[in-house]
Structure formats: C-alpha cells, structure tokens
Amino acid sequence: MKFESGSEPWCEVMDLFLSDYVGFASLEDTGQLSNNAIRNVQVRAGMMSTPVINMSCSYDLSIEEMKRAEQSGSPFGSQLITVKQRYADYALRMLVAYLIYFGNTNTETVGLLNVPTSITSYTPASMNNIFLTNATNPGAAQLLALEQIIVPFLTTVYNKIETLKLVMSPTCYNALTAPYSTQYSAEGAIKAFLANFLAGKTKDGGVPNIEIVIEPLFAPSTMFNANTYDYFMLLATEMETGPDEEKTPLIMCGAPLMEFVYPTIPGAYDTQYKFLKRYAGIFAPIGGQSVAVWTGFGTKGSGN
Amino acid sequence: MIKRIGEGLEGPVSVIENFFSHIPGAEENLQTAELTVGLAKDNRFKIPLGALRQAAYVGDPAHVGDESSIYASAEVRALIKAKGMGAVDTRFVFDHSLRPGKLGDMSGKYRLVATKRKDLVLDGVLDAAPALLAGQGYSPWNVGYFTKVFKAPLLYSRRPIW
C-alpha cells in the first residue's frame, strides 16, 4: 500500500479529508427542466484523524567497540558494529508491521484488520482441510472456494482496482499448491486461479495485476495471532477514479516520518544513537470495499 | 531491552518483545537499548526541539530530495558518477524550495549537499595543515605579525571597521 508522509513530518495528528472520495457520474435527460441547471459535486464533509505514535530505539556504541571495528587485517580483530543498529531498526520495523495489520484500539490506531466493519468467519472447509481430505480433486475444490470469495469482492468495485492483493498465511498458501485433480491436471489451485483471472483483459488491453503476499503474521497460534485459525485478506490498494482516470489510493499508510536519527553527542566513553519512526495508522476512506478479511480460510486449527 | 511505553501501547509492544525474546542475537544486542513508544501528543514522548532543528534524516524519500537535487559542483558530480556517494562528503541542508508545488505549502525537503572529500593524508597534511601551522607559528609578539597592526591599528578591537 501507499505510504503517505503528509506535508509536516512533526505533526501530532494525521488527517485525511474525505471529499476526494465521493461523487459519481449520472446520466440524465437534457430535456428535463430540472436537469438543465448545473449540479454541484456532492462534497461529503468529513475527516479521518489518527494520532501519531512516536517510537524510538536507542543503542550505545562504546569507544572500545568503535576502535575494534576500525581494526582490519585480522579476522578476529574486527567486529561489526552495524548489528546493533540493525536490530534497533528491526525492532521498530516489526512494531510498525504489527500496527499496520492489527492496529491498536487503545490509541485509536487503525490496522488493516480493523478496516472492514466485520471480519467474516469462513464456515466451509478450509483450504488445509480440502488439501488433507479431498484425494481426487483438491485443487478444483480450492479454486472454487477461492473464486467464491474473490468474485464478489471484485464485483463490488466494478473491477476498477489496479492491483488485487491476496494476503494469506503460509499454511493457506502451501495448501493451495495442491494438485487441481489427480486425473486431469496437476496444476495447483493458485496457478489455475492466476491463469483464469489473467485470461480476461481490462478495458485498455492490459491484464489486471495480482499480488500474492505470504504473511507469517497471519499464521495461526503464534505470538502475533494467538487464535487457532489464520487470516486471509483481500486488498484493493489503488483505483482509477475521476474524469482523468487518476490513480487514487484506497488504502494509505500514514507515516509522517519513517527514518530519522537524532543528532548524536559523542561521549567520553560511549555514544548514544537514537532511531525514530513516527507512525499514524491506516487510512481506508472507502472501508470494507477496499479491505476484506476472512478467518479460518487457510486453516481452522487442529488439522483442519 | 529497557522500555518506556505510553498509555495504551503496552499490547503491541509486549507482542514485539515476546518476538524478540526468541531471537538470541536480538536479546544480546538490544540489552542496553531503550525502546520508547508513545503518542506524539503525550508530553513524555514529544520530540525534543533541538532534534527538530538539527534533523538528520536517513534515506527517507519523503523528506530528502532525490539525487537530481543534490547541491554539488560539476567536478563532484563526476566523482559521484564514477565512484558513488561513498566517495564524497555529504550533509543535509533544509530547503524550502523543494516543496510539492502547492500554493501556500511551506513545507520543504532536506537537500543533500555533496563536497569533495578531503584525503586525510594528501589534502590534510600537505595542503591545509601547513597553512594552518604557518598561521599558528606566528605569535602575536612576532614583529612580522605586527606589521598588520600598524596598518590597521584597531584590528584587535571588536568594532568591525573594515
């Protein structure tokens, strides 16, 4: 999705005005008196606001470490000092990744899973269950299941989206590689889905883009997702809108400042460095039409 | 890891902490690190004003102008092209003119200024250092130094007379 920094890196709240996201064309009879007057575009007054979270991580580099890093020639003498910096950055990036997906209700930080009004619990057999139990046509059953959730999503947005993203747990992806049918074709469901979907062309002759993201954060029974089921997410990140068909981002990730290092003061013994990331949250002005989430699509836990 | 967590953010941070506790390298390298997470409006987690004035961005494309906007002489540009950014000295200067172009938008970007790197041995000792040494070698009580004082008697005063 699109990272938006806004115009002020030090803001405390990020706002998105919603007026850009309203309006549609209508056909009317010119003969009707009521339609002769020019109509104003309906502007919806409204604003999405998310408070900014400051997150920083510091690390110290002592003179001893710096000097040891300078030594060259001996494989034992030199020591990489970048490891500390990279771990500090890693910690902050993981925190941002967690907030992007799961959000945080206490600080009103919206995550992708909070965008739809409700998360659909997928009741038919999960992909993993089909893979384990359907011996003859696992892929065909999976393909049908996959299309049954994707087609309504695409129809709602009139296929106007630029790229469709499928975010799934590793369990789900692995199950989807099961053969289509033991008798007819050994192609996996995911491959058949891609081939079928890309068979059609968009109005300007191009084929729609599909991106598959295998996301370990959605895997079941982990520290990120304590549930026994996994998450499956469909994302429509950009859409062509307006008279000029400009690409309008439907999901934006508000982050005023992602890479910042405080000016350092070299110390007598050690120098403290501090990384800063400023993150606000997900802005999805059209809500559930751009993000749809299912639970238990890949697996429902305990071998299902 | 030492933590300072703002109100309402304990949940996400404990998840991340749990994750890093399973990585031995992280635990070792981050044992003296301090993780600070809090809302920007919370006074305890505000950015110190001094840091804002002397910002040091690291590769954030949203705030740093792209390569074409680097301030550098033709010689330095050629050097960047031949040897990459590692061969030159760089620093950031805030530039209001690098704004998105909307009327009334006073935001800007940090422009990278690149200068030729002085070679520590060749440029430093052979070129600049002797000149500095020569200047320091003349003590104020040296007659040669005082000729300047006779020509401009108020040289030592704080008044800018020239």
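**Entry 1: terms and ground rules**

I call a residue buried when its relative accessible area is under 20%, exposed when over 50%, and partly exposed in between (1.4 Å probe, protein chains only). My model is predicted, so local features need pLDDT of at least 70 and side-chain atom pairs count only at pLDDT 80 or more, while totals for chains, interfaces and linings use all residues. Residues are numbered from 1 along each chain as its sequence is written, chains are lettered from A and ligands numbered from 1 in the order in which they are written, and side-chain values use heavy atoms, leaving out hydrogens and water.

**Entry 2: a pair in chain A**

I looked up K277(A) and D89(A), and both are buried. They form a salt bridge, with the closest N and O atoms 3.5 Å apart; the term asks for a side-chain nitrogen of Lys or Arg within 4 Å of a carboxyl oxygen of Asp or Glu. K277(A) sits in strand 13 (residues 270-279) and D89(A) in helix 2 of chain A, so this pair ties together parts 188 residues apart in sequence. Helices (H or I, at least four residues) and strands (E, at least two) are DSSP runs, numbered from the N terminus.

D89(A) also meets R93(A) in a salt bridge, at 3.3 Å from N to O. These two are four residues apart in helix 2 (residues 82-102), about one turn of the helix. D89(A) has a relative accessible area of 17%, whereas R93(A) is partly exposed at 47%.

**Entry 3: a pair in chain B**

Next I found E34(B) and R4(B) joined by a salt bridge of 3.6 Å, N to O. E34(B) is in strand 2 and R4(B) in strand 1 (residues 2-5) of chain B, so parts 30 residues apart in sequence are tied together. Both are partly exposed: E34(B) at 24% and R4(B) at 35%.

**Entry 4: where the chains meet**

How many residues of chain B are in contact with chain A? I found 42 residues of chain B in contact with 42 of chain A, contact being heavy atoms within 4.5 Å. About 3600 Å² is buried between the chains, with carbon and sulfur atoms giving 67%; this is the accessible area (1.4 Å probe) that two parts lose on being put together, summed over both.

One salt bridge is counted between the chains: E12(A) with K46(B), the closest N and O atoms being 2.7 Å apart. Helix 1 (10-20) and strand 2 (34-39) are among the chain B elements that each supply at least two residues to the side touching chain A. Helix 1 of chain B gives the most to that side, with seven residues.
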